[in-house]
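Please keep the sequence and the coordinates at hand while reading.

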Amino acid sequence: MDKFEILRKAAAQGVVLLRNEKNTLPFEPSDNVAVFGRCQVDYYKSGTGSGGSVHVPFSVNFVSGMETLKKEGFPLPQLNEELLKVYSDWLKEHPFDAGKGAWAAEPWSQVEMELGDSLVKEAASKSNKAVFIVGRTAGEDQDNSAEAGSFLLTQIERKNIELICTHFEKVAIVFNTSNIMDLSWIDESVFKSHITAVLFSWHGGMMGGQGLADVLCGKVNPSGKLPDSIAYKIEDYPSSKNFGHKDFLLYEEDIYVGYRYFTTFAKSKVQFPFGFGLSYTTFEVSGESYSFSDSKITVRAKVTNTGSKSGREVLQVYAECPQGKLGKASRVLCAFAKTKELAPKESQELELSFPVSRFASYDDSGVTGFAYSYVLEEGDYNFWAGSDCFSCKKVPAVSGAFSVEKTYALETLSQCCAPNREFMRIKPGKVNSDGLFIEEKETVPLSKVDIAKRIRESTPAEIPATKSSVTFSDVIADKSRIDEFIGTLSDVELMTLVRGEGMMSRKVTAGIASAFGGLSDSLHDKKVPAVGCSDGPSGIRMDNGTKAILLPIGTSLASSWDSALVEEVYEVLGNEMKENKIDVLLGPGCNIHRNPLNGRNFEYYSEDPLISGIMTSAACKGLAKTGAIATIKHFALNNQEKNRRNVDSVASERAIREIYLKPFEIAIKEGNARSVMTAYNTVNGFKAASYFDLNNSILRGEWGFTGLVMTDWWATMNDCVKGGEADGYKFSEMLKARNDIYMVCVNDTADKGGFGDNLEESLKKGSLSKAQLQLCAKDILLFITETFAAKAPLRPLRNEVFVESDINSAPEGANLISGRPAFAEDLASVVYFKIEKGGEYRIYGSFRKDGGDTLSQSITNVLVNDKAIGSFECRSTDGKKSFAVAAFVNLKPGIYKVQLEHTKPGIEVMELGFWQDMESPITTHFFEKFEKEREEREKNK
Ligand code: BGC
């Protein structure tokens, strides 16, 4: 199957059908369908921010998806052509507002055409069915809000849908959204009997509109299932009370996230349960029996297609554990499997085995007698099988039900990541006659850990200096020589290794997020390659405009409940990384959908840790098949965008381990994840990047992780023992906490003190030992041995671009520059540079960007003879002048056309010139002598 077909399949498999009455779907060839909503054309393919910024070669919206089906000869309904024309005319006048391409500036919804009664009436006279596509996006740096245009419908959307329901008997509502939305309105009397079909097509990537067309027309029978619970109101989610605060978020709901909460306390608050999704056929799912042996439960089930179309169903198995000293959720997903395509009347027998640890509880207080242990409490256990968390049925035992006579510990660990702040968490109290529990509260156990002692005890001895001539190539061939190699590294070289550079480093593939490893001449001489990382998670983000494929968003992939498919999709992505010489993907993200309003939910999979962990593992394995490496992120508890850099996620150790760390744990233990990105946020008072218990005690100690840990971009750290104030300079705290590498320092500064971090000073003062620095450098170097870069011949340190100009003279009236840099006023339009002497040049410039969010990313490409060959990128420079090399070029004498392209606006380039002295350090002096001349020019204007 070609790569676009795989993406098409994935987009269709992620579609979740929630309602389908009166034979609304699939559309029949005899139907005439009126399609409403601008997203039929302006189809959302991905969310915003780093997770969705892929330059696609093309993308398919719903209308073009229908055209493809037509070309393929698939029997199709008529689309109401007059209505399509009305929309396409209106869209010309109301183009998509992308926020001018600036960081986090795109609105979460677009203005819709306001429908008039006569238009809808006219459409209904020709069409027997209507579709309305509701679109929403979301992304980094901004959460959703429980307001119109975000989680709720806008007034225009509501009025439009009301009007459509007045004239049509059969209306399908499609949600082309990055997240779940409020659906309570579909049950209001004005809508209920007319809205006969409802489905989520999410953001299906570049082939998303095709996947949607395939499902609506019945080429593909939908088989997606909700990865999140849809409650009637946003307030019904127990996390809503503590969502959106600026300084800290109390995770009072504890382990009762999503369906764990609703199945235990509040079933009636749910409109569509977790795991739910319809098909164009019907299935009978019967859990035949379960048995227990070798610490494993095995459930046997039979799925039969009882309808008239072929299709796939998802078998889901949930555990119900006895309430004991620890509260339990009434349902915990333990295993799932998707059937093959079943023909009508066909059955498939499925056998799902899972370890009892899948439903064990972590005792974070010692109340069961087993402190800091995963325990199985005494009592009877039940297993439920079905196709969602509400309708599943109890599975009978083969011989004797699984019950535990006396509480026991499966695994005893030590206290890690418990909070220091006192708060209460919910817990099931008395049970009601309906089987639901009354919510009670209990105090959360606090941390008793001596982190300083743990750090002391875990630091190995310093590797002695050696004069060996060993190079990194020798280490690649024989990893046991790593210590010998480290012994040859100077302090500066060690510090260079723990500083990543970016974004858009010229030492790796153009346009990507970072480079690390052999970033200096001396490391390069020792044969350490520079390694390139790119966003992630849904495709390769190359901000210089290089094209790449775009996958469906995480939520869509999870909705397929098909891990083999996700593996296949990531294999496609891995192959593209290989072609582009990109070693590491900054994805997938596996944070939990704690609340529907989190802006980055689209990059993550689900409210459930098991499905999140399995999908993350699948992504890691798919990439690994090609040699590419995934980075699982954001470790951990990154569940809100508001004040994302600082907000403190305050949670119990139990919730942290059972819910929020579990996807990471699964991805490391089952998916062999090799790289982890820590989160921006704080966790129980410690910045994730400087949290020793997170990055060492749990990740490496308990889970046996041996890979690389990097920070998120321009993250901040606080004292790894005392917590407290954070800043972006405390690299020593990061290293002591075993976060190996800082992402990212300004380009070309990794061997020159980065942007002024405290490493040198800390080494001098002894607050960071050389052994600790060596330990992280060792993690990094060993990791590099696994990359494409290590397996290929050593790349040159700088990517030099060869440009040969065939322009002999500048056009008439052009701004021809010779012997001086171009200034802002020159750069407002095209300029021509006269290069007299051939050879190597740096394209060097100064620029600034006004204040604003310090994490907002801006990019300006430098086009030479119409080709993007370099760029300036920055966050904010607070209005101050900054200097950088945009590219290394090799030029022949001639005339060169130069132009700026503001791909992510925000940067003002003040000076730009070609500088031939490759050796001298980058300073302001290049421009200084031209300043006077410039002032003169300004005056004479
Ligand atoms: C995001 C990361 C991303 C990085 C590089 C940060 O703003 O939080 O997920 O990988 O930027 O683009």
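## Salt bridges

The structure holds 72 salt bridges, a salt bridge being a side-chain nitrogen of Lys or Arg within 4 Å of a carboxyl oxygen of Asp or Glu. Side chains of opposite charge can pair when their charged atoms come close.

This is a predicted model, in which local features need pLDDT of at least 70 and side-chain atom pairs count only at pLDDT 80 or more, while totals for chains, interfaces and linings use all residues. Residues are numbered from 1 along each chain as its sequence is written, and side-chain values use heavy atoms, with hydrogens and water left out.

Glu140 and Arg644 form a salt bridge through their side chains, at 2.9 Å from N to O. The two residues are 504 residues apart and link distant parts of the chain, with Glu140 in the loop between β4 (129-136) and α5 (155-167) and Arg644 in the loop between β28 (629-635) and β29 (648-650); helices (H or I, at least four residues) and strands (E, at least two) are DSSP runs, numbered from the N terminus. Glu140 has a relative accessible area of 3% and is buried, where buried means under 20% relative accessible area, exposed over 50% and partly exposed in between, with a 1.4 Å probe and protein chains only. Arg644, at 3% relative accessibility, is buried too.

A salt bridge also joins the side chains of Glu253 and Arg594, at 2.5 Å from N to O. This pair, 341 residues apart, links distant parts of the chain: Glu253 lies in the loop between β8 (248-250) and α8 (259-265), and Arg594 in the loop between β27 (584-585) and α16 (609-624). Glu253 is buried at a relative accessible area of 2%, and Arg594 is buried at 3%.

In the salt bridge of Glu665 with Lys662, the closest N and O atoms are 3.2 Å apart. Both residues lie in helix α18 (residues 662-669), three residues apart, which is about one turn of the helix. Glu665 is buried, with a relative accessible area of 10%, and Lys662 counts as buried at 17% relative accessibility.

## The five-stranded sheet

An open sheet of mixed pairing is formed by five strands in the order β37-β44-β41-β46-β39, two strands being paired if DSSP finds at least two bridges between them. β37 (800-803) and β39 (822-823) stand at the edges with a single partner strand each, so one side of each is left without a neighbour in the sheet.

Strand β41 (residues 839-848) pairs with strand β46 (residues 908-915) in the antiparallel sense over seven bridges. Ser846 has Glu911, in β46, as its bridge partner.
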